[in-house]
Amino acid sequence: MADLKKKDGILTYAYLLLYIALSSGQIFFNKWVLSSKEINFPYPLGLTLLHMIFSSVVCFVLTKILKVMKVEEGMTPDIYATSVVPIGAMFAMTLWLGNTAYLYISVAFAQMLKAIMPVAVFVLGVAAGLEVMSCRMLLIMSVISFGVLVASYGEININWIGVVYQMGGVVGEALRLIFMEIFVKRKGLKLNPISVMYYVSPFSALCLFLPWIFLEKSKMDDHGPWNFPPVLLILNCLCTFALNLSVFLVITHTSALTIRVAGVVKDWVVVLLSAILFADTKLTIINLCGYGIAIAGVAAYNNFKLKKEASGDTSNASEQGESSQRQQSQLLPTR
């Protein structure tokens, strides 16, 4: 029994390390592909569209042809139109704007700006009637916002176009999480991450295809023949899908607290390693202090939400599934 628990513990840590490595690695890979100094594929719309098409095809092959994974049943046209469509649109918006930001700002600074996410989610949640304003939450939101402002003040090479793109991605992700919350509470359909990607990826691809036609296709045509390195682009898409699979493994083998701690560790790994890997990243003491303050606020927010969910689980068994679904939706990669 002791050996079995030890083996399960080792396996859990292995899944967490895999998630942290793939999540941070995918961010670096995207920056490397998009950077004009590296691969020179400065088409974030095109890259994100490739990710969604690849994800759609692989999900279909795995679930419908090879049948090695199962798609949760219960999806109806009404649920698809009222839930999957807005979630897919916001997911596409998040990935598009977030990847575009890498053309203008460093990976580390983009990660610091992402720390404002709980504030956006909470404000939109209050507006949607999903959250309740309290003095404690107002204090936590103030700490996070102050930390992000300090980190921004300490940024040496700030580019406001990149900041706007990144904040737009944050708003898109916050809206996606709000729609996921409504999806779980009002529709009652609970999906694992593979099922979510199976349903969401095709519509996200459609949402990305239309602006790609008008904004990037002509630029890619002007570049000459589409002779971008196919092996690297396919490998990039494979890494994206592997990240989605690692999310599924982490969710099924860990607790919500462990997942949130892993997310914070991943954020710091990205910030610190990017300073080594990319020449456009220059960290300052003010940067790091501000980010540390913001992460402390994020940790307080996570702790508050976990306690709230735990109290809900003890009082209502049905909320346990909702809590699990929210946990899954928050882990879906946004790069």
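Helix axes here are lines fitted to C-alpha atoms over the stretch in contact, and the angle between two axes runs from 0 to 180 degrees between N-to-C directions. Keep that in mind for the helix pairs below. The model is predicted.

Start with the whole chain. The secondary structure of the protein chain comes to 13 helices and 0 strands. Read along the sequence, the pattern is α-α-α-α-α-α-α-α-α-α-α-α-α. The chain has 335 residues, and 51% of them count as buried. Now take the contacts with a separation of 6 or more: residues 24 or more positions apart account for 87% of these. The accessible surface is about 15500 Å². Carbon and sulfur atoms hold 69% of that surface.

H6 covers residues 135-153. The axes of H4 and H6 lie 9 Å apart, at an angle of about 160°. Angles over 145 degrees count as roughly antiparallel. H4 and H6 are therefore roughly antiparallel to each other. Their crossing is left-handed. Which residues make the contact between H4 and H6? From H4 come Phe 109, Met 112 and Leu 113. They meet Val 148, Ala 151 and Ser 152 of H6.

Next, look at H3 and H8. Their axes come within 8 Å and cross at roughly 55°. That makes H3 oblique to H8. H3 passes H8 in a right-handed crossing. On the H3 side, the contact includes Tyr 80, Val 84, Ile 87, Gly 88, Phe 91, Ala 92 and Trp 96. On the H8 side, the residues include Met 197, Tyr 199, Phe 203, Ser 204, Cys 207 and Leu 215.

Stay with Ser 204 for a moment. Ser 204 sits in helix H8, which spans residues 193-215. Is Ser 204 buried or exposed? Buried means under 20% relative accessible area. Ser 204 has 0% relative accessibility, so it counts as buried. What does Ser 204 touch, leaving out residues up to four places away in sequence? The answer is Met 52, Gly 88, Phe 91 and Ala 92. Gly 88, Phe 91 and Ala 92 are also among the H3 residues in the contact with H8.

Finally, the aromatic rings. A pair of aromatic rings is described by the distance of the centres and the angle of the planes. The structure holds 7 aromatic pairs. One of them is formed by Tyr 104 and Tyr 165. This pair is stacked, with 5.7 Å centre to centre and 15° between the planes. The pair links distant parts of the chain, 61 residues apart. Tyr 104 lies in the loop between helix H3 (77-101) and helix H4 (107-114). Tyr 165 lies in helix H7, residues 160-187. Tyr 104 is partly exposed, at a relative accessible area of 35%. Tyr 165 is partly exposed as well, at 27%.

Trp 268 and Tyr 291 form a pair with another geometry. Their ring centres are 4.8 Å apart and their planes stand at 65°, so the pair is edge-to-face. Tyr 291 is buried, with a relative accessible area of 1%.

How values were computed. Residues numbered from 1 in each chain as written. Predicted model: local features only at pLDDT ≥ 70, side-chain atom pairs only at ≥ 80, totals over all residues. Heavy atoms only, no water. Phe/Tyr/Trp six-rings, centres within 6.5 Å; stacked < 30°, edge-to-face > 60°. Helix = DSSP H or I, 4+ residues; strand = E, 2+ residues; numbered from the N terminus. Buried < 20%, exposed > 50% of the residue type's maximum accessible area, 1.4 Å probe, protein only. Contact = heavy atoms within 4.5 Å. Areas by Shrake-Rupley, 256 points an atom, 1.4 Å probe, with all protein chains shown as cover. Parallel < 35°, antiparallel > 145°, perpendicular 65-115°, else oblique. Left-handed = near helix turned anticlockwise from the far one by under 90°.
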